[in-house]
Amino acid sequence: MAAPAESSGWFPALAIAVSLLKCLFINAYHSTDFEVHRNWLAITHSLPVSRWYYENTSEWTLDYPPLFAWFEYGLSQAAVHFDRGMLVVANLNYASPATILFQRLSVVFADLVFIYAVKECCTTVREEKAAKDLLRRPCFVLAVLLLWNFGLFIVDHIHFQYNGFLFGFLLLSVARHLQARHLEGALWFSIVLNLKHINLYVAPAYGIYLLRCFCFAQDNPDGSLRWRSFSPVRFVSLGAVVLSVTAASFGPFVAMGQLPQVLSRLFPFKRGLCHAYWAPNFWALYNVLDKALSVLGVRLGLLDVAGLPKASMTGGLVQEFQHAVLPSVHPPAALLCTLLAMLPALWCVWRRPCGGRCFLRCLVQCALASFMFSWHVHEKAVLLAVLPLSILAVESRRDAGIFLMLATTGHYSLFPLLFTPAEFPIKVLLMLLFTMYSFSALRNLFSGEGSLLHPLEAVYLLGLVAVEVVCEVVFPLSPWQRTLPFVPLLVTSVYCALGVSYSFVRLYVSLLTQEVTEKAKRL
Amino acid sequence: METFTLVSMSILLGVLVRWGVSFNSYSGAGKPPMFGDYEAQRHWQEVTYNLPIQEWYFNTTDNDLNYWGLDYPPLTAFHSLLCAHVAKLINPEWVKLLGSRGYESPAHKLFMRATVLAADLLVYIPAVVLYCCNLTNGSTNKKVGTLLCILLYPGLILIDYGHFQYNGLSLGLTLWGVLGLGLGWDALGSLAFSLALNYKQMELYHALPFFCYLLGKCARQGLTGRGLFSLVKIAVTVLVTFALCWLPFLSNPEQALQVLRRIFPVARGLFEDKVANAWCSLNVLIKIRSILSSDSQFYLSFTVTLLAITPSSLKLLKTPTFWQFKLALAGLPPAQRSALGGHLLPPGLHVQHVAVATEGRLADALCSDLAGLPRLQHPPAVCAGALHRGPAPAGGLPQAGRVAACMPAPSGPGPHHPPEVLH
């Protein structure tokens with residue numbers, strides 16, 4: 001499976017090159033997330049543990065699980081040597097040059113986890129025939145697609161977050177499962193779940209897969225479940241790993257009786273169905289449909305204007321809003337839709353697992369299903385589907401086509417995160433660089449097997465260029481900029497939602513047709 | 001992977017790195033009263049936009065030559081004028097006569113950085129791409145590797161996008177000249193190089209190889225037949241280019257002389273600050289600057305420079321091949337290092353000049369043609385040896401990107417520090 005490394009210097013070269021590039025953007029724009037993390041450094045450093053989840057001097061309260069708070073605490077020990085001012089809770093929006101340098105460098109160094117995880121993922125890549133040219137080897141392509149991923153780069157190193165660090169643990173756990181080291185994989189996943197609870201999106205995939213393939217030690221000859229092979233030892237050891245990590249993370253707070261408070265911070269359902277900028281998911285399309293129907297209804301005289309909620313959903317506020325024509329959506333409904341969307345993928349894994357790759361496919365499917373239907377999704381969550389899909393993309397032609405659609409669309413939907421003029425060339429250049437590479441490299445990997453994209457898909461992706469020109473060049477110069485300022489965001493969100501939904505459907509179609517063909521083979 | 005994709009990706013990466021460096025501080029940021037090169041360029045926009053051409057190089061009440069007076073040839077002035085027109089459209093405050101001194105703002109910084117990028121995109125990068133694709137040997141991967149190395153050369157990026165200058169324009173024009181000569185279009189190559197000379201007098205370092213190569217080539221073709229025709233064509237091209245660039249200053253001999261006085265300020269002595277050349281090093285042992293008079297210094301350095309570059313030029317005259325031309329540009333043992341001879345010895349030097357020398361060396365180091373000849377040292381290593389300087393640069397330099405040791409010289413201490421000389 002793992003290719004022999006005649007000259008393995010290329011991986012460190014890629015890793016060092018991208019790390020140096022990240023350092024160039026230390027002084028670029030950073031979002032309020034910078035202040036969020038500075039505030040958390042201050043809280044964890046200056047206050048006792050019992051106050052961590054109660055502190056609200058700043059509006060950016062601690063809303064990640066406790067393990068991340070411990071991580072920030074560790075960082076704050078190093079921060080002391082840079083600038084003590086950032087560790088004072090009252091120093092809101094404190095951003096001295098030393099603070100910026102420290103925080104930016106902490107992201108770059110935390111990415112070492114990600115680099116290690118990518119290295120492990122590259123060793124799991126199957127190479128049918130070892131290509132002579134380094135640029136044509138799947139492991140090289142995967143390394144570039146992951147290390148130089150556009151979304152991760154701009155979200156982490158410009159917008160400012162620690163996703164590289166978190167995805168490192170997730171990809172490491174995936175790699176371990178692909179290497180059939182399940183307990184270790186479960187350990188890494190428990191850790192990442194306790195670092196950022198957004199990974200709950202993919203927890204069902206882990207749960208079903210580990211139950212089916214790890215706890216039930218053997219299958220029947222025809223591949224179906226052998227109930228007798230349930231191994232209590234394995235089940236208990238799995239449970240022990242997960243529980244011990246969770247206990248280490250939440251334990252102190254349970255002991256202090258603060259669990260409800262922590263949970264209320266972690267799951268703030270008072271925030272609306274959509275973020276201020278709608279993530280390109282199903283609800284974006286739902287909202288637009290609702291808006292269109294309400295406008296149509298008013299025009300046709302079927303609806304009373306006075307009865308409609310004013311400027312709902314597009315005002316840029318994150319409160320709960322009502323839909324005008326279609327039924328309003330509440331958190332339980334969103335949860336139900338998400339679970340229903342995940343169910344077929346989970347069912348496929350349960351019925352006929354085919355090893356690590358099946359699990360990975362299910363993971364991607366769960367991540368995308370959650371992105372499509374969950375409550376208050378951020379557009380950055382698309383990376384949770386794109387990054388694991390990269391591993392599948394370098395091995396299968398069909399997955400490569402879906403990856404190109406999802407990655408390009410998902411990455412483009414991140415553009416509104418960098419709205420300053422100075423950062424405009426960065427996002428355009430980096431997007432072009434990554435997109436050009438992904439198209440070219442994947443096409444080379446699967447050359448001779450036909451084109452990866454359907455012509456209509458290619459037209460859609462080219463349409464992204466038109467959307468960009470209209471939203472960032474034409475519209476700001478037009479008279480509607482003042483009266484309808486939300487239109488560029490709306491257009492971006494809806495256009496990308498089409499692409500993401502399409503990828504979601506295509507992934508399912510490919511999963512289910514695989515099931516059908518395998519069934520036919522067996523008959 | 002296709003050549004087009006690889007080349008495009010290299011260009012994208014090169015531009016990305018440039019823009020990344022531009023986020024950081026520039027020369028003289030927040031340092032009144034003189035600030036730095038950034039303010040110099042802004043000031044030239046102000047001067048060229050508001051004052052008539054006759055006053056650009058003269059000391060008048062509106063144009064204080066002590067405050068970053070124009071000391072580049074006319075093409076720089078015209079370029080500043082063009083930038084000033086764009087600046088005026090965006091924000092007239094940026095070029096307000098006397099009122100915009102020391103103007104600093106994020107928007108202005110973005111504008112100035114954008115002008116550098118525009119110049120690079122229009123002149124330098126296309127020249128590099130065409131050079132690597134057409135005039136280097138080897139496989140596609142090797143050509144793209146050369147392209148990437150040249151585009152990512154830190155010295156030029158740090159000076160142009162960090163410190164703030166327009167070296168990409170003059171180097172780009174020179175490279176167009178080299179391209180023209182390499183493809184056999186001598187007249188166009190001469191045109192490009194003449195433009196480069198009229199942009200920065202620093203390109204004089206490369207002038208002798210151009211001259212000797214073209215003269216030798218014409219001589220080879222027969223000075224009575226085709227050779228003479230080529231010679232006349234080239235001469236006319238050069239003269240017309242110079243005439244067009246200097247046209248506004250030719251009406252009055254005093255104008256032309258003043259421009260010359262500004263661009264060759266020999267009164268300033270052998271060298272300034274700390275610089276990696278022979279005079280500075282020699283000065284440690286023998287205090288030349290105090291022993292010799294200003295005029296003697298000038299004649300001494302001129303003679304020694306000429307002596308140092310004569311051997312390679314004579315060789316080039318005798319065997320005017322394109323290969324020999326490239327060697328003369330870059331300098332290679334055993335021939336005397338022409339450009340470095342120029343770099344090491346002439347008066348009033350500044351370290352930015354090494355960018356000129358190493359550019360040529362860099363390109364040649366990667367040429368597979370060099371099989372059999374002593375391999376050129378890796379330019380950054382040469383830089384590291386040559387460029388060790390005194391105090392670390394002031395905070396005005398970018399933090400990241402100190403990959404190569406080719407660092408620009410600091411703006412220098414002292415309140416009344418005159419602007420950089422031949423930079």
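**Entry 1: the model.** I am working from a predicted model.

**Entry 2: nonpolar patch on chain A.** I looked for nonpolar side chains on the surface. I found a patch formed by Leu289(A), Leu293(A), Leu296(A), Leu300(A), Leu302(A), Leu303(A) and Val325(A). Together these residues have about 630 Å² of accessible area. I then picked out Leu296(A), one of the patch residues. Leu296(A) sits in helix H12 of chain A, which covers residues 282-299. Its relative accessible area is 48%.

**Entry 3: H16 against H18 in chain A.** Next I checked how two helices pack. Helix H16(A) spans residues 397-412, and helix H18(A) spans residues 455-474. I read an angle of about 10° between them, with the axes 11 Å apart. Angles under 35 degrees count as roughly parallel, so I logged H16(A) and H18(A) as roughly parallel to each other. I also listed the residues that meet. From H16(A) they are Leu404(A), Met405(A), Thr408(A), Thr409(A) and Tyr412(A). From H18(A) they are Glu457(A), Tyr460(A), Leu461(A), Leu464(A), Val467(A) and Glu468(A).

**Entry 4: chain B overall.** I moved on to chain B. I looked up its secondary structure and got 18 helices and zero strands. Chain B has 423 residues, and 57% of them are buried. Its accessible surface is about 16900 Å². Carbon and sulfur atoms account for 69% of that surface. Last, I looked at contacts in chain B between residues at least 6 apart in sequence. Of these, 75% join residues at least 24 apart.

Key
Residues are numbered from 1 along each chain as its sequence is written. Chains are lettered from A and ligands numbered from 1 in the order in which they are written. This is a predicted model: local features need pLDDT of at least 70, side-chain atom pairs count only at pLDDT 80 or more; totals for chains, interfaces and linings use all residues. Side-chain values use heavy atoms; hydrogens and water are left out. Patches are made of residues with over 30% relative accessible area and no salt bridge: like charges are joined within 9 Å, nonpolar side chains (Val, Leu, Ile, Met, Phe, Trp, Tyr) within 5 Å. Accessible areas come from the Shrake-Rupley method with a 1.4 Å probe; for residues, only the protein chains shown count as cover. A salt bridge is a side-chain nitrogen of Lys or Arg within 4 Å of a carboxyl oxygen of Asp or Glu. Helices (H or I, at least four residues) and strands (E, at least two) are DSSP runs, numbered from the N terminus. Buried means under 20% relative accessible area, exposed over 50%, partly exposed in between (1.4 Å probe, protein chains only). Contact means heavy atoms within 4.5 Å. Axes are lines fitted to C-alpha atoms, for helices over the stretch in contact, and angles run from 0 to 180 degrees between N-to-C directions. Angles under 35 degrees count as roughly parallel, over 145 as roughly antiparallel, 65 to 115 as roughly perpendicular and the rest as oblique.
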